[in-house]
Amino acid sequence: MMRQFKSQLLALMALATFLSGCGGEDSIHPMSTLAPRSDLANWIYGLFLEITAWDLLILTIVIVAFILAVFVFSTRVGEAGPPTAVSSDLTLEIAWTLGPALILLFISIPTVRLIFRSQPRNAVANELPITVVAHQWWWEFHYDDGSGAITANELHIPAERPIHLKLVSNDVIHSFWVPRLGGKRDVVPGQVNSIHLISTVPGEYYGQCAEFCGVSHANMRFRIFVDKPDDFAMWEKSQAQPGAVPAQATAASRGAQIFADSPCTTCHTINGISKGYVGPDLTHVASRTTIAAGVLTNDPHDLTEWIEHPETMKPGARMPDFGLRGPQLNDLVSYLESLK
Ligand code: CUA
């Protein structure tokens, strides 16, 4: 008896642990679709609950039918032989054809309605258009509101304002996914896909490429910072400025010269110095919290490691090691970390 009680208790605890893995506190579940923070994510969550309710109804019916069959309608020991076989029953056949068809209809109507609702045909008033370019293996964001702001791997958007993300790919198929702000959408070469959303709660939300796109697919992460409207306006204005010019005769100013003379300029833009476009725009790289598409922290230690061993830190990374070491590398890192 005790043993049975113990195993039941264990099963209950396992269930509770499993359920606690779905949703809840922000910091514990940063990538849960069950803690929505935008209108789009809320709609999808509502649809999920609606379909789950239908599923629960079906589960209940099946369990009740099973219990009735086993405990009420079964033959008992000592009773006469098996019940008479029924070869066909028209009413039953109609019932189990119509039943599932109706359930599918109940599920498909709100699903199709949500698809249309989430993809408005015309531009929404006051929307902020942003082009998202997927690369192997990082994300580029262009603000198409005339500000000229460009950033990589860390998208800032204002809360309570309609956002229109135009998703394009530079190479293969990727998938843009920020679980708490909305559903996945494929990013397909030669095609522009859209996501429309209004984020409701300022905060930091994690994103991840959700379509296998090569060796560093798992390292193709990003973040969306939902800012209060005033904070966003300040951020966007600062991002549109040219890169900071370091004071004369400092490590950073020597680093600026090293950058200008290096092959880095063929791939990276620093507004005012270079115009590369293969890798992320570094004009305000120091204003980001992470580097290498969310894989490393943006601090001198990780940045140094990244420039020295890109291939080790992120397999398949397009950035080669140019052999910068020692004081030269330190100066370059000082410069990059000064680009707020
Ligand atoms: Cu990009 Cu997976």
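## Reading the model

Helices (H or I, at least four residues) and strands (E, at least two) are DSSP runs, numbered from the N terminus. The model you see is predicted, so local features need pLDDT of at least 70 and side-chain atom pairs count only at pLDDT 80 or more, while totals for chains, interfaces and linings use all residues. Residues are numbered from 1 along each chain as its sequence is written, and side-chain values use heavy atoms, leaving out hydrogens and water.

## An arginine in a loop

Let's start with R37, in the loop between α1 (2-20) and α2 (39-72). Its relative accessibility is 18%, so R37 counts as buried (buried means under 20% relative accessible area, with a 1.4 Å probe and protein chains only).

## A three-stranded sheet

Now look at the open sheet, where three strands lie in the order β4-β10-β9 with mixed pairing (two strands pair if DSSP finds at least two bridges between them). β4 (154-158) and β9 (203-208) are at the edges with a single partner strand each, so one side of each has no neighbour in the sheet. β9 and β10 (residues 221-227) run antiparallel, joined by six bridges, and Y205 stands opposite I224 in β10.

## The nonpolar core

Which residues have the most contacts inside the largest nonpolar core? They are I130, W139, L165, F176 and I224, in a core of 31 residues. Such a core is a set of buried Ala, Val, Leu, Ile, Met, Phe, Trp, Tyr and Cys residues joined through side-chain atoms within 4.5 Å. Its largest share, four residues, comes from β1.

How values were computed:
Buried means under 20% relative accessible area, exposed over 50%, partly exposed in between (1.4 Å probe, protein chains only).
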